[in-house]
Amino acid sequence: MSAQFSVGDPVHVRAAYPPGHVRTPYYCRGKSGVIVRFCGEFRNPEELAYGKYEGPVSPMYRVRFQQNDLWDNYSGSPDDHVEIEIYEHWLEQVI
Amino acid sequence: MSDHHDHGEFGMYEHDPLHKHPAQPDLEDTPLTHHQIMQMAVADLLIEKGVIEADELREQIEFMDTITPARGAALVARAWVDSDFKYRLVADSKKAGAELDMDIGPTPILVMENTPKVHNLIVCTLCSCYPRFLLGYPPDWYKSRDYRSRAISEPRKVLAEFGMELADSVEVRVHDSTADMRYMVLPMRPDGSEGLSEAALAELVTRDTMVGVTTPKT
């Protein structure tokens with residue numbers, strides 16, 4: 001599986017709420033950020049947690065978000081950021 | 001009873017030697033949680049099925065118990081005295097660790113360098129992921145819901161509670177350790193440390209400076 005996104009690409013995190021062992025924090029779902037690093041390909045934790053060890057691995061990225069985009073009334077500087085590891089199936093292209 | 005041995009009814013004891021204090025509870029007196037039972041069951045199964053041996057499990061626990069933040073501090077001190085090493089540490093901490101005969105473990109650890117413009121802070125909002133191969137076990141506050149929720153949403157207030165005030169001109173960059181990477185902060189070398197040896201510099205690098213809740217001081 002080749003990586004769909006490159007460093008610098010703007011991305012949108014799916015606003016999805018599936019049950020199970022999901023490693024995408026709630027606070028970034030539905031938010032937009034920028035790819036800052038390709039971390040490699042890993043097994044999907046949502047499948048691993050239920051014993052699925054076969055099949056393709058998934059690209060995983062570090063995505064940078066502006067704090068002001070994540071929280072209402074963020075009290076720090078507008079330059080403050082958060083970086084989170086997100087698997088590709090949680091990311092959508094920003095058109 | 002002679003005058004020389006007059007210690008009262010119970011001799012040299014101030015209290016009745018048979019007086020019972022409340023017993024300190026044994027480990028087994030605290031009810032096991034669901035996940036403790038699961039962990040014990042999985043360990044038993046792995047051993048019974050021959051996947052691992054009891055001695056391997058014991059050895060790994062013993063090894064993890066030996067890790068202290070001194071490992072991370074050794075990497076930071078080397079980076080402070082050797083800028084080429086710092087570059088390699090930030091690029092690939094596993095290879096850089098191997099130069100110091102240090103195995104940083106199976107999970108990649110990304111080293112985040114503090115600069116005059118960026119201050120890095122590490123948290124795991126989902127659980128308690130931590131760079132254990134470099135810092136040992138996390139402190140209790142790192143695992144608390146309070147730190148996990150507030151370090152991400154109001155990091156400057158959390159830093160202030162740890163005694164650290166940052167100018168607005170310094171970006172606070174929080175790294176949420178949610179998946180397959182771990183993070184360690186590479187703090188800035190403090191002013192006044194110019195004449196110190198690498199070993200003395202490592203002494204300045206505490207656990208909290210590598211989580212990012214404070215900075216090294218001379």
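## Leu48 of chain A

Leaving out neighbours within four places in sequence, Leu48(A) is in contact with Arg43(A) and Tyr53(A). Two residues are in contact if their C-beta atoms, placed from the backbone, lie within 7 Å. Leu48(A) belongs to helix 1 (residues 45-48) of chain A. Helices (H or I, at least four residues) and strands (E, at least two) are DSSP runs, numbered from the N terminus.

Leu48(A) is exposed, with 12 other C-beta atoms within 10 Å. A residue is buried if 20 or more other C-beta atoms lie within 10 Å of its own, exposed if 12 or fewer, and partly exposed in between; the C-beta atoms are placed from the backbone. His21(A) is 27 residues from Leu48(A) in sequence, and the two C-alpha atoms are 8.8 Å apart in space.

## The model and its numbering

This is a predicted model, in which local features need pLDDT of at least 70 and side-chain atom pairs count only at pLDDT 80 or more, while totals for chains, interfaces and linings use all residues. Residues are numbered from 1 along each chain as its sequence is written, and chains are lettered from A and ligands numbered from 1 in the order in which they are written.

## Chain A as a whole

Chain A has two helices and five strands. Read from the N terminus, these elements follow the order β-β-α-β-α-β-β. Along the principal axes, the C-alpha atoms of chain A fill a box of roughly 45 × 30 × 20 Å.

Chain A has 95 residues, of which 26% count as buried. Among the contacts in chain A with a separation of 6 or more, 62% come from residues 24 or more positions apart.

## Where chain A touches chain B

The contact between the chains takes 17 residues from chain A and 19 residues from chain B. On the chain A side, strand 2 (32-42) and strand 4 each supply at least two residues. Strand 4 of chain A gives the most to this side, with five residues.

By class, the side of chain A that touches chain B has eight nonpolar, four polar and five charged residues. Here Ala, Val, Leu, Ile, Met, Phe, Trp, Tyr, Cys and Pro count as nonpolar, Asp, Glu, Lys and Arg as charged, and the others, Gly among them, as polar.

## Two residues with positive phi

Most residues other than glycine have a negative phi. Asn73(A) has a positive phi of about 60° although it is not a glycine. Asn73(A) lies in the loop between helix 2 (67-70) and strand 4 (81-87) of chain A. Asn73(A) is exposed, with 6 other C-beta atoms within 10 Å.

In chain B, Asp101(B) has a positive phi of about 55° and is not a glycine. The loop that holds Asp101(B) runs between helix 5 (93-99) and strand 1 (109-113) of chain B. Asp101(B) is exposed, with 6 other C-beta atoms within 10 Å.

## Domains and a helix pair in chain B

Chain B is divided into domain 1 (33-65) and domain 2 (68-211), with bounds that come from an automatic or database domain assignment. The centres of the two domains, taken over C-alpha atoms, are separated by 30 Å.

Helix 3 (residues 70-81) and helix 4 (residues 83-91) of chain B pack at an angle of about 135°, with their axes 5 Å apart. Axes are lines fitted to C-alpha atoms, for helices over the stretch in contact, and angles run from 0 to 180 degrees between N-to-C directions. Helix 3 and helix 4 of chain B are therefore oblique to each other, because angles under 35 degrees count as roughly parallel, over 145 as roughly antiparallel, 65 to 115 as roughly perpendicular and the rest as oblique. Leu75(B), Arg78(B) and Ala79(B) in helix 3 meet Phe85(B), Lys86(B) and Leu89(B) in helix 4. By class, this contact has four nonpolar, no polar and two charged residues.

## Two buried residues in chain B

Asn114(B) lies in the loop between strand 1 and strand 2 (118-123) of chain B. With 20 C-beta neighbours inside 10 Å, Asn114(B) counts as buried. Beyond four places in sequence, the residues that Asn114(B) touches include His119(B), Val185(B) and Met188(B).

Ala151(B) is in helix 8 (residues 145-153) of chain B. Ala151(B) counts as buried, with 27 C-beta neighbours inside 10 Å. Apart from neighbours within four places in sequence, Ala151(B) is in contact with Leu121(B), Val123(B), Val158(B) and Val174(B).
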